[in-house]
Amino acid sequence: MAEQQVLNKNEEQKPQAKMVTVFIMGQKYEVPEGSTILNAIEYAGYQLKKGLGCREGFCGACATVYRLPGDYKLRGGLACQTVVQEGMYLAQIPFTPAQKAIYDIEEVKPDISTFQKYYPEAFRCLGCNACSKVCPQELKVMDYIQAIMRGDIELAADLSFDCIMCGLCTMRCPAEMAQYNIALLARRLYGKYMMPKPEFLYKRIEEIEQGKFEDEFKEIMSLSPEELKKRYAERDINFKIT
Amino acid sequence: MKSFPGYPESMWPSLEMVEKTRPKRVERAKQGLKIMEPMTLEERDEVLSKYHPDYQPDARKEIRVGPNKGELLTAKVVDLLESHARVKPEEVDLSNPDFDVDVLIIGGGGAGAQAAIWAMKEGAKSIVLATKLRIGDANSMMSQGGMQAAVNPHDSPVIHWLDVMGGGHFANKPELVKVLTSEAPFITKFLMELGVMWDRDETGHLQTKPGGGTSRRRMLSARDYTGAEIMRVLRDEVKNHPDRITVLEYSPAIELLTDEEGRVAGALLMQTETGEFIVVRAKSTVITTGGFGRLHIKGFPTTNHYGATADGVVLAYRVGARLRDMDTVQFHPTGAVFPEQIWGFLITEKVRGLGGQPVNKNGELFVFPLEPRDVEAASFIRECAKGLGVTTPTGRVGIWLDSPVIEELSGPGTIEKQLPAMLRQFHRFGIDIRKTPMLVYPTLHYQNGGIEINERTETNVPNLFVAGEASGGVHGKNRLMGNSVLDYNVFGRRAGIFAAQNAAKNNIGKKLTLKHVEKWEKELEEAGIKTKKISPILFPDYRNFEILKKHRKEFDPFIGFALTGWQE
């Protein structure tokens, strides 16, 4: 892989990797076996400016669709997380055209009416499960949409939590909804309105606003470097108390 | 021999040793004992000076130009800074800006999003947020473990402050740390009110975990997608205000602009695919471009985002902004070593926060699991140097991070609930981290220093503000876990507020210039620096040059559609 060639020039030459044939956006290349799709594209000579991001499976920028020889199925995956296979033909989807509602989080209500208003298309779900099948995070996408249709925001927030918003579900949906944006609204409603409130947090903020720690700060910030080091070395490390 | 799915046979004997020593280690942890004594400051100094990459003789070199001239900085940073600009001033016409706005924000990560939201709240009428990839494509999105905030009764912003100062080797700007720790509870509440699903118990109390270098349980989390959860909420909020905030994606800044008096007055952007220039005139400019992980300092792999090429540091330095603490690099102790496909990827510190233990090839503990990151990383390197690491089939070396301990301590299901991203990452390659440990080694993680700021996120250059990883002073010489997420939220917000206030004063002249670039090029020449390098580099270059060199007698790294040709 190109990235490793850059970084390992001082290491011993590794045994010659076996090569596999892949078709990147229709063009044929030989790339080392075991490469991720992203490494394969770079090995082939591309410097990507779109369709990639964190390279570690968190940002959802490198959605890719592919087929394997002799298989009718259109599969989806993240380029940075999917290993190439012999004969794979693939296309990157750097951008998903999708509906994103504009709303005021202070005004919306944490119930089904919000979804009826901002994302009425969610209620067109056909129950085909194409979204769940393509999800690279293996989330139960259809289930969380069905939860929203029932007004169960808590379940939708929980089931969709690991969503990286890559957009593959949306590209496959026959009801043409943007599941990932709908789920984001559900999670924001849940986090803001429905989760129990941390009482002590409010108290702590009040303490700080009232200047409760100012004297302590003044004292510790006036210490000499030696005194401060001593204070640090002698500080109590305690993970049992909260 | 017992088999271990996902690992090659050569690694099984060592895995068996880890299993053998596990019951005793679990027993000790269950009794609430420290499984190892933390190091004294002297012991820390010793392991750092002998094994941390920053302390090797070739780690730093003197910079010959600019505001920090004569100082020792990380060598690769010096190479990056001592480069030519992407544009020649005489070739650009700045007389007809595409945007004339109150606030320009360069960088679309967490700090940039916070800055945009708060500049708007503070009254800025027009805001442009320009970013190299998409908004949210940033290290902010990748942070897994959490955010520090003193939200427990037995903790306080002062205790947090002392932890940060000690972790940073007391080189931090104390007043910045005071802001950081004092505003942490407030920013926690702000994010919660935007809808961030902080992990809470059934009464609503925020769940807290220990982190490296902390003296209390202070790590807030949202499973192990903490950064992603925060970033996707902030991004959504930015997108809810299209009337006030214009987001320009795939449009990095390639140079700042100044007025006749040298005050910053906007930036020149370039669309990465078409090469189109976009001129933005702005009364305040905020840099939130993140750090330098993709420079692969000293050949290390990185946990960082593709765009982490220190663009903002380059732009600010060229316009005269001072840097600080750019002589230290944070290596995260636990980067993945195996399987090969995820080499260098981040294994969250939360694994150790939950009780995961680092052990050597014989299954022996060798370091307190929650030392500050530089100390922990140096200890791992020392253990491998002693020959007590584990070697992979491709010749890489690492130590074990024993994750099954977590479920023995906190019950089955803990990993699925608390570390879903890690579980998924390894599961993709056939390894179940509930049953087998992960092999780890330090990986390039964070830019400790950056462009020096004050509490108002101002730099020494008028109208230029900086927040997040691009800034310097908050973390001193070493950042603690959970403080970068805190930093980009606290100081991103501040940058938005103070940039908006500054914009109201309208402190820029009419004419836009690139005079500082002329001055810069002259300075390079006078210092006798001859280089073909240009910066900001925008992207690292991982193309396979062997293929591109084929049949060419001479090779130009700018061949094809590459933006930089920045390769070793």
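A: Helix H8 of chain A is mostly covered, with 14 of its 16 residues buried. A residue is buried if 20 or more other C-beta atoms lie within 10 Å of its own, exposed if 12 or fewer, and partly exposed in between, with C-beta atoms placed from the backbone. The model is a predicted one, in which local features need pLDDT of at least 70, side-chain atom pairs count only at pLDDT 80 or more, and totals for chains, interfaces and linings use all residues. Residues are numbered from 1 along each chain as its sequence is written, while chains are lettered from A and ligands numbered from 1 in the order in which they are written.

H8(A) comprises residues 179-194 and reaches 21 Å from its first C-alpha to its last, close to the 22 Å expected at 1.5 Å a residue. That expected span is 1.5 Å times one less than the number of residues. Helices (H or I, at least four residues) and strands (E, at least two) are DSSP runs, numbered from the N terminus.

Chain A also contains paired strands; two strands pair if DSSP finds at least two bridges between them. Strand E3 (residues 63-67) of chain A runs antiparallel to strand E4 (residues 75-78) of chain A, joined by four bridges. Here A:Tyr66 stands opposite A:Arg75. Four bridges also join E3(A) to strand E5 (residues 89-92) of chain A, again antiparallel, and A:Thr64 has A:Gln92 as its bridge partner in E5(A).
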